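Subject: Structure handover

Hello,

Here is the structure we talked about. Please look through it first, then read my notes below.

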Amino acid sequence: MNENGNSLISIQNLKVHFNLGGGGIIDRITGGSPVRRVVKAVDGVSLDIKKGETLGLVGESGCGKSTLGKAILRLTEPTGGQVFYNGKDLAHLSTGDMREQRKNLQMIFQDPYASLNPRMTVAQIIGEPIRTFNLKNGKSVEERVQDLMETVGMSRRFVKRYPHEFSGGQRQRIGIARALAVDPEFIVADEPISALDVSIQAQIMNLMEKLQAEKNLTYLFISHDLRAVRHLSDRVAVMYLGKIVELADGKSVYADPLMPYTIALISAVPVPDPEIEAKRERIILTGDVPSPINPPKGCHFNTRCPYAIAECKQIEPLLAEIKPRHYAACIRISPEFPYIEENKQNNLGVIGAGVSEK
Amino acid sequence: MSETNGHILTVNDLKTYFQTEDGVVKAVDGITFELRKGETIGIVGESGSGKSVTNLSIMRLIPEPPGKIVNGDIIFDGVDVRKLSIEDVRKIRGKRIAMIFQDPMTSLNPFLKISTQLMEVTQLHLGHTKEQAYQHAIKMLETVGIPDAKSRVDGYPHEFSGGMRQRVMIAMALSCQPELLIADEPTTALDVTIQAQILELIKNLKSEFGTSVILITHDLGVVAGMTEKIIVMYAGKVFEIAPTAELFATPANPYTKGLLKSVPDPAHEQGKELYQIPGLPPDVAHLPPGCPFQPRCYRAEEICVQEFPPFVQINENHRSLCHFAKEVYAESIAEKANKSAIV
Ligand SMILES: Nc1ncnc2c1ncn2[C@@H]1O[C@H](COP(=O)(O)OP(=O)(O)OP(=O)(O)O)[C@@H](O)[C@H]1O
Ligand SMILES: Nc1ncnc2c1ncn2[C@@H]1O[C@H](COP(=O)(O)OP(=O)(O)O)[C@@H](O)[C@H]1O
Ligand code: SF4
Ligand code: SF4
Ligand SMILES: [Mg+2]
Ligand SMILES: [Mg+2]
């Protein structure tokens with residue numbers, strides 16, 4: 001999928017596996033798990049993020065979105081694969097170089113409260129990265145902080161206050177100001193609006209768009225809110241249990257989803273329009289998201305997929321280009337036969353790309 | 001007993017206040033609405049607007065002190081809940097009125113088996129024997145779609161996922177076939193596919209048992225598909241009440257209009273700037289003079305700063321708290337006509 005050279009971030013076969021232990025001699029003696037338990041939070045993700053674009057990342061709780069975001073920034077150490085930033089492999093940078101790059105790669109967090117030090121004033125919080133990277137010193141740090149406050153739509157007067165004195169939306173603005181302090185190129189925004197009220201969500205989304213236009217920022221926008229993702233993103237990636245299962249521009253993912261999980265996900269999004277709601281056919285998936293500890297074999301979605309056939313338990317689907325620039329991972333669809341419902345009616349079995357598992 | 005007129009619940013000028021260090025918080029300040037048998041009403045509003053306090057008041061669950069219901073009638077099936085002794089309220093709570101909370105973990109006891117918790121309810125309210133209660137517990141878990149209910153019934157809450165715990169809560173709430181179900185943000189903590197499961201479940205139970213439902217949520221999408229009418233709350237007040245279709249099509253209140261426009265519509269193109277209501281949700285302890293929405297309202301005029309707005313009757317089922325309710329309504333109708341002319 002490395003289709004053109006203008007990717008700011010290029011992720012190749014990235015893996016983050018957490019070893020939960022078990023399966024060892026000690027475990028047998030102490031009554032621990034008899035099998036080794038591994039959480040494959042991110043399990044072979046390849047993605048390109050172009051300069052200036054917003055890539056939306058959606059998926060259910062625990063599917064690995066935050067872990068992927070952190071692994072790209074190397075806030076979590078990947079267990080496999082590579083991340084290239086402007087063509088440079090981030091894993092092979094010296095500590096000094098990594099420090100330099102870190103400046104360009106920032107993160108905004110879901111819980112604006114937990115991510116701000118309660119004992120620091122707003123001025124200290126936003127000023128910290130400026131001092132760490134020696135971008136400014138003395139009085140000019142203060143000026144820069146006040147400018148940043150204004151950029152994110154807050155009064156300069158608030159700089160001496162503490163995080164608990166602000167609302168959720170204001171704290172999120174502080175988090176954004178802190179990320180912007182070092183003039184980054186790329187920002188991972190991990191559920192930046194999930195904890196906020198509806199009217200404040202709109203404010204933060206507009207702010208993010210405004211900043212992107214002004215500063216030519218590139219975003220990875222993580223959210224489980226498909227409406228927000230659709231609104232902000234140029235392209236959308238859908239994640240399920242550690243893997244990307246669909247990737248296309250926002251409009252196609254929303255209007256023409258191809259992979260069965262995406263189809264169900266889109267159909268589950270409540271639309272604020274009673275007329276549309278009254279006519280909608282909702283696909284109700286049975287069961288819960290399976291545990292990412294030892295996920296199901298074959299296609300990870302096979303335990304809930306209404307189209308699953310026996311082969312889905314053995315063959316792991318590959319993300320394939322089903323329509324131009326529209327990728328999906330399902331063994332029952334192909335570029336020639338992109339629609340699963342039709343394929344089911346025509347009794348088509350395995351027609352898509354996949355690898356057999358032992 | 002007074003006349004019910006087919007209403008399961010009538011709330012009339014309810015006021016619930018809290019004494020805090022910051023002064024008196026008028027969490028709910030004069031709420032009036034009716035709920036017919038079998039009907040679902042949605043209550044929407046931003047955090048702190050008084051949604052939960054309204055419903056805790058109906059259940060007489062307001063912690064006193066600091067809180068107190070200071071005014072109003074709460075007539076449940078002809079009986080004024082406020083006049084009942086707390087023992088009589090307990091007989092209704094859990095049996096005839098049941099409640100589901102946002103976070104199922106706060107209402108399930110982590111140290112007790114699911115079976116024990118489900119059995120308690122029906123032993124208390126339906127006089128079930130242990131065996132009857134146990135069988136009923138299994139049946140209820142099956143009703144709410146817990147796979148393999150027979151073996152899961154003796155599990156503990158932490159062994160269940162978020163969606164399953166919410167279903168257990170619903171099973172518990174429904175185990176006595178309540179006439180009124182109050183669901184306070186029942187899906188806010190859940191993923192969309194699980195949310196769809198839970199909403200479908202509530203719909204099915206409604207049609208099966210004729211349960212009346214109060215559905216509290218901040219998600220306009222959720223109420224659009226689930227309710228017959230909607231209350232929009234702001235700063236402890238009802239800002240607008242209308243049948244669902246009418247509220248979405250022709251709102252008569254600037255706050256409602258703003259809320260509707262600030263939600264991204266997935267059918268639309270990406271990149272258009274979202275409408276945004278400026279400012280912050282109100283601090284109920286320090287409301288501005290006049291209309292509480294006035295500092296954020298695009299339409300505010302001098303009178304909005306001077307006087308508290310009237311609750312204007314638009315038509316039989318539609319009311320709006322605004323000095324310009326009729327004008328806003330007329331504008332909505334004109335906008336709607338324009339939109340359909342373009343399409
Ligand atoms: N340090 C860790 N050790 C073990 N497991 C972990 C660790 N961090 C994350 N996980 C697991 O990895 C999986 C993916 O977690 P992640 O936080 O990336 O999910 P997410 O998609 O961001 O979910 P949410 O929408 O709830 O934020 C989960 O099962 C999680 O429990
Ligand atoms: N136990 C309490 N003590 C003091 N204030 C309270 C208490 N419970 C609720 N409030 C206040 O009442 C107002 C309405 O709260 P609530 O009904 O919970 O809002 P929501 O609409 O988010 O459900 C808020 O200002 C809240 O802080
Ligand atoms: S590969 Fe099989 S289980 Fe997976 S989405 Fe396709 S049909 Fe469903
Ligand atoms: S009364 Fe005035 S401030 Fe309040 S909603 Fe109406 S126009 Fe806006
Ligand atoms: Mg996360
Ligand atoms: Mg609440």
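Ligand 2 has 15 residues around it, and B:Gly48, B:Gly50, B:Lys51, B:Ser52 and B:Val53 come nearest. Here a residue counts as near a molecule or strand if one of its heavy atoms lies within 4 Å of it.

Before the details, some ground rules. This is a predicted model, in which local features need pLDDT of at least 70, side-chain atom pairs count only at pLDDT 80 or more, and totals for chains, interfaces and linings use all residues. Residues are numbered from 1 along each chain as its sequence is written, chains are lettered from A and ligands numbered from 1 in the order in which they are written, and side-chain values use heavy atoms, with hydrogens and water left out.

**Ligand 2, chain B**

Start with the polar contacts (pairs of N or O atoms within 3.5 Å; within protein, one must be able to donate a hydrogen and the other to accept it, and residues adjacent in sequence count only if both atoms are side-chain atoms). B:Lys51 places a backbone N or O atom 2.8 Å from an oxygen atom of ligand 2. B:Ser52 uses its side chain: an N or O atom there is 2.7 Å from a ligand 2 oxygen. For B:Val53, a polar backbone atom is 2.8 Å from an oxygen of ligand 2.

On its own, ligand 2 has 560 Å² of accessible area, and the protein covers 66% of it. Areas come from the Shrake-Rupley method with a 1.4 Å probe; for residues, only the protein chains shown count as cover.

Strand E1 (7–20), strand E2 (23–36) and helix H1 (51–58) of chain B each give two or more residues to the shell. H1(B) gives the most, with three residues. Helices (H or I, at least four residues) and strands (E, at least two) are DSSP runs, numbered from the N terminus.

**Ligand 1, chain A**

Ligand 1 has 14 residues around it. Nearest are A:Ser61, A:Gly62, A:Lys65, A:Ser66 and A:Thr67. A polar backbone atom of A:Gly64 is 2.9 Å from a ligand 1 oxygen. Two side chains also reach ligand 1 oxygens: A:Ser66 has a polar atom at 2.6 Å, and A:Thr67 has one at 2.4 Å.

Alone, ligand 1 exposes 640 Å², of which the protein buries 64%. Strand E2 (38–50) and helix H2 (65–72) of chain A are the elements giving two or more residues to this shell. Which element gives the most? H2(A) does, with three residues.

Best wishes
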